[in-house]
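Here are some notes for a colleague who has the coordinates open and wants the local details spelled out. Please read them point by point alongside the structure.

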Amino acid sequence: MEINVDIVIVGAGIGGLATSLGLHRLGVRSIVLESSDSLRTSGFALALWTNAWRALDALGVGDSLRQRSIHFTRFQAFSANSGLPTAEISLEADNKPIDYDSRCIKRQEIVETLERELPPGTIKYSCRVISIQQSGLYKLVHLANKTIIRTKVLIGCDGVNSVVAKWMGLPKPIDANRSAIRGYVEYPKAHGFEPKFCAYFGGGVRIGFLPCDHKSLYWFCTFTPSAVDYDEKIEGSPTKMKQFVLSLANNVSKEAYNILERTSLDSLYCAKLKLRTPWNILMKENIVKNNTCLVGDALHPMTPDIGQGGCSTLEDSVVLARCISEAIFAKNLEDDDQLCKIIEVGLEKYAKERKWRIFNLISTSYLVGLAQESNGKVISYLREKFLAQFTIETMVKMGDFDCGKLLT
């Protein structure tokens, strides 16, 4: 069976849903292909900085999500070696952006909120893309269920192992030589923790936690395997993963240890960290090619050290929806071939707007992570004296970005 759709988005994660919603708000129809048989709500939580909330406000869902999360303005950094405080920042009214907003929120809340705002039938479940073909100005998207979708525009929001990115010819993301274990803790009653971001740096390890709401906490542990005698075989065993992360926290903080100890085995996740080399982003054809483009981790996987993975994905979505809409409605074009060509101009504008921002985020995140987890004596000294403060200030600064409204 072959069907025709003007705009096809691959992947119903945060990027795919946000891009489709942005287009919908601007009167442009799209469909979202999702390989799973239902909405993927897996994943625990993520910190969203000011730039993400500006994007969510542009999409019209910011206020709804704020009601289910806690605003934080305090940041504390500690030495992972001694447990002593190394930096603290409190963003009061006189030293923060007027609309500063940072919160940690469950991933499930985000995707379900975005999904509810889309027209019924926008998401097509059990639609796994197995191949893509160029056919003149169009793409033929072949699905595992034998359906073929003919489309003018193809948008890859299908994550770090993107099928769309592979078809475009992008090199695979590289290994950052670091790993992360993440977890989520639900308390039967209020957990009692202040609304602040706490992190421990050093010795090849970074452990941090922050509240999502009054009864739940999100925590993360990133580490350099060679620095902490890590055995990759534990990745298939939640019990061993928990034992490993507790062994790291035991030398860091009793508070952090107690949080990790309360984590149930089904609330643990381990992954190797990957990133797209930043110079690959500077080539236009790696972002846009033949009316095909990429969003989020499909385009720019990055290490989590400044908390901008999900935030930058939301930026992508707003900018892309705006660029496509501006191109489509700039002229009254009835001819499909002309429409394909004018949309190409919009996609190229998206690539131009995003490439340096993405280059900066990937590079900064990688370098900050390198400094945070380094085991060298000089870096350890600088980290405890200066770099912890610099890291927090960098996170806040990189989050103070405005992707703009949907309508200019």
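1. S20 touches I9, S30, V32, L118 and T122, leaving aside residues up to four places away in sequence, where a contact means heavy atoms within 4.5 Å. S20 sits in helix 1, helices being DSSP runs of H or I with at least four residues and strands being runs of E with at least two, both numbered from the N terminus. The side chain of S20 also makes a polar contact with the side chain of S30, at 2.9 Å; such a contact is a pair of N or O atoms within 3.5 Å, of which, within protein, one must be able to donate a hydrogen and the other to accept it, while residues adjacent in sequence count only if both atoms are side-chain atoms. S20 counts as buried because its relative accessibility is 1%, given that buried means under 20% relative accessible area, exposed over 50% and partly exposed in between, with a 1.4 Å probe and protein chains only.

2. A word on the basis of these values. The model is predicted, so that local features need pLDDT of at least 70 and side-chain atom pairs count only at pLDDT 80 or more, whereas totals for chains, interfaces and linings use all residues. Residues are numbered from 1 along each chain as its sequence is written, and side-chain values use heavy atoms, with hydrogens and water left out.

3. G11 lies in the loop between strand 1 (2-10) and helix 1 (14-25), and at 5% relative accessibility G11 is buried. Apart from residues up to four places away in sequence, G11 touches G16, V32, L33, E34 and C157. The C-alpha atoms of G11 and S162 are separated by 9.2 Å, although these two residues are 151 residues apart along the chain.

4. How many disulfides does the model contain? With a disulfide taken as a pair of cysteine sulfur atoms within 2.5 Å, the count is zero. The cysteine sulfur closest to that of C212 belongs to C104 and is 3.5 Å away, which is too far for a bond. C311 is likewise in no disulfide, the nearest cysteine sulfur, that of C104, being 11 Å away. Both cysteines are buried, C212 with a relative accessible area of 1% and C311 at 0%.

5. Two residues deserve a look at their backbone angles, since most residues other than glycine have a negative phi. K146 has a positive phi near 80 degrees; K146 belongs to the loop between strand 10 (138-143) and strand 11 (148-156) and is exposed, with a relative accessible area of 69%. N290 has a positive phi of about 50 degrees, lies in the loop between strand 17 (288-289) and strand 18 (292-294), and is partly exposed at 42%.

6. An open sheet of seven strands runs in the order 6-5-13-14-15-12-16 with mixed pairing, two strands being paired if DSSP finds at least two bridges between them. Its edge strands are strand 6 (85-90) and strand 16 (268-275), each of which pairs on one side only. Strand 12 and strand 16 pair in the antiparallel sense over seven bridges, and K274 in strand 16 is the bridge partner of D175.

7. The buried residues of helix 7 (residues 254-261) are A256, I259 and L260. The buried residues of helix 7 pack against strand 12 (174-186), strand 13 (196-202), strand 14 (205-211), strand 15 (216-223) and helix 6 (238-250).
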